[in-house]
Amino acid sequence: MKRKYRPGDVFNELTFVDYAENGKAKFMCSCGTESLKYIHNVVKPGRTTKTCGDRTKHPRTSVPAYSTVHSRVIALYGPAADYLCICLCNRAAEWSYEPGVGGNATELVCPDTGKRYNADLSMYYPRSVKCHKAVDKKRRILRKRLFGRPDSTTQHPVWSDPDEQRVRSTG
Ligand SMILES: [Zn+2]
Ligand SMILES: [Zn+2]
């Protein structure tokens, strides 16, 4: 087997210790517990194994990660390219997060990227790239005029995957 990971490599709360059998490895959790985990469940972005799994030491939070919400949006609605842009200008290419004019109390911020998102999947709409940018700009200007502060959604998620890109370039 190819030895891709080295002792000390950190994935969320887990630190790689050593390879084990059957695709597993020994990981040291930030709480001090060592356990065997399937490597692919730990190392791939968006995977669920982030701690040793002891819920008394790592209470389950109700806040889903950015990547988790991304997966949920695609799972629920499919790729944005399967839709028309909601203003009917073209084929959609991206899911755009639309919190409404006043923003939203449940808005989440990704600690790694600073991007804003929301666990409420009804707040995502398919848009073309051009339209997405135009709407962002319009909202930013209007919001500044009405509330005197910049749009909190300037950095909202733009989610597109390679499949969508391909559809976009050929369609
Ligand atoms: Zn732990
Ligand atoms: Zn449009």
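**Ground rules.** I number residues from 1 along each chain as its sequence is written, with chains lettered from A and ligands numbered from 1 in the order in which they are written. As the model is predicted, local features need pLDDT of at least 70 and side-chain atom pairs count only at pLDDT 80 or more, while totals for chains, interfaces and linings use all residues.

**Overall.** I looked up the secondary structure and found four helices and nine strands. Both are DSSP runs numbered from the N terminus: helices are H or I of at least four residues, strands E of at least two. Along the sequence I read β-β-β-β-α-α-β-β-β-β-α-β-α. I get 23% of the 171 residues as buried (20 or more other C-beta atoms within 10 Å of the residue's own; 12 or fewer is exposed, in between is partly exposed; C-beta atoms are placed from the backbone). For contacts, I use C-beta atoms, placed from the backbone, within 7 Å. Among those between residues at least 6 apart in sequence, 49% join residues at least 24 apart.

**The sheet.** I checked an open sheet of four strands, ordered S1-S2-S3-S4 and paired antiparallel. S1 (10-11) and S4 (34-38) are at the edges with a single partner strand each, so one side of each has no neighbour in the sheet. Pairing here takes at least two DSSP bridges between the strands. S2 (residues 14-19) and S3 (residues 24-29) have five bridges, in the antiparallel sense. I looked up Tyr19 too, and its bridge partner in S3 is Ala25.

**Glu107.** I found this residue in the loop between S5 (94-97) and S6 (108-109). Is Glu107 buried or partly exposed? I count it as partly exposed because it has 17 C-beta neighbours inside 10 Å. Leaving aside neighbours within four places in sequence, Glu107 contacts Pro99, Arg116 and Asn118.

**Cores.** A nonpolar core is a set of buried Ala, Val, Leu, Ile, Met, Phe, Trp, Tyr and Cys residues joined through C-beta atoms within 7 Å. The largest has 13 residues, and those with the most contacts inside it include Val73, Trp95 and Tyr124. H2 (66-77), S5 and S8 (124-127) each give it two or more residues. I also noted a second, separate core of eight residues, among them Leu14, Cys29, Val42 and Cys52.

**Helix H2.** Its twelve residues should span 16 Å, and the end C-alpha atoms are 17 Å apart, which agrees; the expected span is 1.5 Å times one less than the number of residues. Gly78 follows H2, with a positive phi near 90°.

Technical notes:
Two residues are in contact if their C-beta atoms, placed from the backbone, lie within 7 Å.
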